[in-house]
Amino acid sequence: DGGITQSPKYLFRKEGQNVTLSCEQNLNHDAMYWYRQDPGQGLRLIYYSQIVNDFQKGDIAEGYSVSREKKESFPLTVTSAQKNPTAFYLCASSIYGGTALSYNEQFFGPGTRLTVL
Amino acid sequence: SQQGEEDPQALSIQEGENATMNCSYKTSINNLQWYRQNSGRGLVHLILIRSNEREKHSGRLRVTLDTSKKSSSLLITASRAADTASYFCATGTNAGGTSYGKLTFGQGTILTVHP
């Protein structure tokens, strides 16, 4: 089955720790995205990547880092610099990351719920 | 700030009734998309309407777009209990002459359909 997977489903972090959220897709999509969703809120873009070895900051990148070494993988690290990391994190992909491509629908993973203890 | 603002924030109806959700946005767009999210899950794409289109249908879904008013509506006809979910609009814009596939999401409408 083609799709986008995220792991773990639930993650608990102690204050001061870095944690990495996994996102993998086998849809052969060029573009991948990380969003944060807080209770009762919409999605806010953290980082996005149009192509391997390239990524750009979204609207709320501070305290987060990403890498895109492989087309199918786009891990997100939540660093200790992120002061309020407790949230639901969603990864998404779309087929193409070049020009005129906000026309593409985004496919979402099931999400990771991060809680800081 | 969010580009899209949904209205109402919450909607409660009986099975068989129609549900209408509205989305307003602030800047020029090249397309608007609607997504659905079941509680605690990822989003699922429902429908996309381009800026040069005024209406689009998909099954029980009907989407309209009024670019002069910077607004869109999503109509779900003959609703079912299984339609209970949050619904988000997302706008796509050109950025500096190129689009990067970025979407800006609204805060969503929570729809509850009672059996």
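Entry 1. I looked for rings joined by pairing in this predicted model. Ring pairs connect Tyr33(A), Tyr35(A), Phe108(A), Tyr35(B) and Phe105(B) into a cluster. I then searched the whole structure and found eight aromatic pairs over all chains. One of them is Tyr33(A) with Tyr35(A), at 6.3 Å centre to centre and 25 degrees between the planes. I noted this pair as stacked, because planes under 30 degrees apart count as stacked. Both Tyr33(A) and Tyr35(A) are buried.

Entry 2. I followed Tyr35(A) to another partner, Phe105(B). Their ring centres are 5.4 Å apart and the angle between the planes is 85 degrees, an edge-to-face pair. Why does this pair join two chains? Tyr35(A) lies in strand 4 (residues 31-37) of chain A, while Phe105(B) lies in strand 10 (residues 103-105) of chain B, so the contact runs from one chain to the other. I also checked burial: Tyr35(A) has a relative accessible area of 1%, and Phe105(B) has a relative accessible area of 1%. I wrote both down as buried, because the cut-off is under 20%.

Entry 3. I looked for a charge over a ring. Arg68(A) lies over the face of Phe74(A), at 6.0 Å from the ring centre.

Entry 4. Tyr10(A), Phe12(A) and Leu117(A) make a nonpolar patch of about 380 Å². Of these I looked up Phe12(A), which is in strand 2 (residues 10-13) of chain A.

Technical notes
Residues numbered from 1 in each chain as written. Chains lettered and ligands numbered in written order. Predicted model: local features only at pLDDT ≥ 70, side-chain atom pairs only at ≥ 80, totals over all residues. Heavy atoms only, no water. Phe/Tyr/Trp six-rings, centres within 6.5 Å; stacked < 30°, edge-to-face > 60°. Buried < 20%, exposed > 50% of the residue type's maximum accessible area, 1.4 Å probe, protein only. Helix = DSSP H or I, 4+ residues; strand = E, 2+ residues; numbered from the N terminus. Lys NZ or Arg CZ within 6 Å of the ring centre and 35° of its normal. Patch = residues over 30% accessible without salt bridge, like charges linked within 9 Å, V, L, I, M, F, W, Y side chains within 5 Å. Areas by Shrake-Rupley, 256 points an atom, 1.4 Å probe, with all protein chains shown as cover. Salt bridge = Lys/Arg side-chain N within 4 Å of Asp/Glu carboxyl O.
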